[in-house]
Amino acid sequence: MLLFCVALFLVGCHGTKDRLASLPADSPATESTRMLPQEWIEKVRLAEEIGRRIFMEDVIAAKGADVVSRDPTMRTDTRRQGWIVVPDNRCAVVRFFGKTSDEYVSLYDVCFTWDSMTGPTWKSEAARHDPPIPLPPFQQNMVRARQLAIEALTERCSDRYNPVMVPGNVAGFKGWAIYLLAATTEPEDIIVGGHVRVDVSEDELKVLQASKLSKSCLQLKATRDTAGIVVTELIAEMPTEIHVYLNLVWQKPIYVSARAGLWKVEGGKILFVKDGKSD
């Protein structure tokens, strides 16, 4: 069972520090990565950081959706169009939104207190807004960016996609990197290929680019007895943030055969095994 610790990081909102749960970050480089070129080490660290953020926001959103699903009134609310995850000083908030004629509004919030998120059982509080509360300007833009990203999805590998928003300053631009994660309800299915990243600018709310994170759709089976997962990466030279995310979701090592060689992703860390020229 995972234990999560709380870390501070910037989310690009009014220049303040906000909190979201994360696995321990910025740990020392392992022996397998110390000998890599510096640019590769930096790519590895960035992929690890973004992968952890994707994982934690996905977990928070999923737990929020579970709370909603247990309440008949919220579960059947046809006004609900989606959610965003926003932190405040006391908790991580999953904000379920709808839309009036000209603006997005919060219908209800599910709050997970920071203290409870350091342990296996998270405490939640649900607040309904009647009438709905208009979202503040920054969150209005978050939702609009989210919706633009979903509209930019032209090729699908699943009938369900879960959006996760990563602040663009992490990836080196001003806006949001929105990951559209192909999802399944089958407990033994792992969707390895089919995830998409859409970059949306903050100022003009324009789609800067939409990038497939795999060459094709790929779905694998994994049971409790599965020791590890082996995949071939055809686009990138090393594992990506999606491999980190999948490793944290499934808690199984993922071996990635990429252009730069063979890698292992375990415990949210990317480890170099051998180059492609090795026997």
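This is a predicted model: local features need pLDDT of at least 70, side-chain atom pairs count only at pLDDT 80 or more; totals for chains, interfaces and linings use all residues.
Which backbone oxygen does the side chain of Ser158 reach at 2.6 Å? The backbone oxygen of Ala183.

Residues are numbered from 1 along each chain as its sequence is written, and side-chain values use heavy atoms, with hydrogens and water left out.

Back to Ser158. It is found in the loop between α4 and β7, residues 161–167. Ser158 counts as buried because its relative accessibility is 13%. The scale is this: buried is under 20% relative accessible area, exposed is over 50%, and partly exposed is in between, with a 1.4 Å probe and protein chains only.

Now α4 itself. It has 15 residues and reaches 21 Å from its first C-alpha to its last, close to the 21 Å expected at 1.5 Å a residue. The expected span is 1.5 Å times one less than the number of residues. Its buried residues include Phe138, Met142, Ala145 and Ala149, and also Arg146.

α4 also contributes to the largest pocket, giving two or more residues to its lining. What volume does that pocket have? About 1200 Å³ of space lies in it. On method: a 1 Å grid is laid over the protein atoms alone, and a pocket is an open set of points where a 1.4 Å probe fits, with protein on both sides within 12 Å along at least five of seven lines; lining residues have an atom within 4 Å of a point. Grid points are joined across faces, edges and corners, and the volume is the space filled by probe spheres set on the points.

The pocket is lined by 42 residues, and Asp58, Val59, Ala62, Tyr245 and Val249 lie nearest its centre. α2 gives the largest share of the lining, ten residues. Other elements that give two or more include β3, β8, β9 and α6. By class, the lining has 25 nonpolar, eight polar and nine charged residues. Nonpolar covers Ala, Val, Leu, Ile, Met, Phe, Trp, Tyr, Cys and Pro; charged covers Asp, Glu, Lys and Arg; the others, Gly among them, are polar.

Next, the strands towards the end of the numbering. Strand β13, residues 229–232, pairs with β14 in the parallel sense over four bridges; two strands pair if DSSP finds at least two bridges between them. Within that pairing, Val231 has Val256 as its bridge partner in β14. β14, residues 254–258, is joined to β15, residues 261–266, by five bridges, and these two run antiparallel. They form a hairpin with two residues between them, and Ala258 is bridged to Gly261.

β15 in turn runs antiparallel to β16, residues 269–275, over six bridges. One of the bridge pairs is Leu262 with Lys274. That hairpin also has two residues between its strands, and Gly267 in it takes a positive phi near 60 degrees.

A few backbone details. Leu205 is not a glycine, yet has a positive phi of about 50 degrees; it is found in the loop between β10 and β11. Gln251, again not a glycine, has a positive phi of about 55 degrees and lies in the loop between α6 and β14. Gln251 is partly exposed, because its relative accessible area is 46%. The peptide bond from Asp130 to Pro131 is cis, with omega near 10 degrees, and Pro131 is found in strand β6.

Last, Lys215 and Glu233. Their C-alpha atoms are separated by 8.3 Å, and the residues are 18 apart along the chain. Lys215 is exposed, at a relative accessible area of 59%, whereas Glu233 is buried, at 7%.

Key
A polar contact is a pair of N or O atoms within 3.5 Å; within protein, one must be able to donate a hydrogen and the other to accept it, and residues adjacent in sequence count only if both atoms are side-chain atoms.
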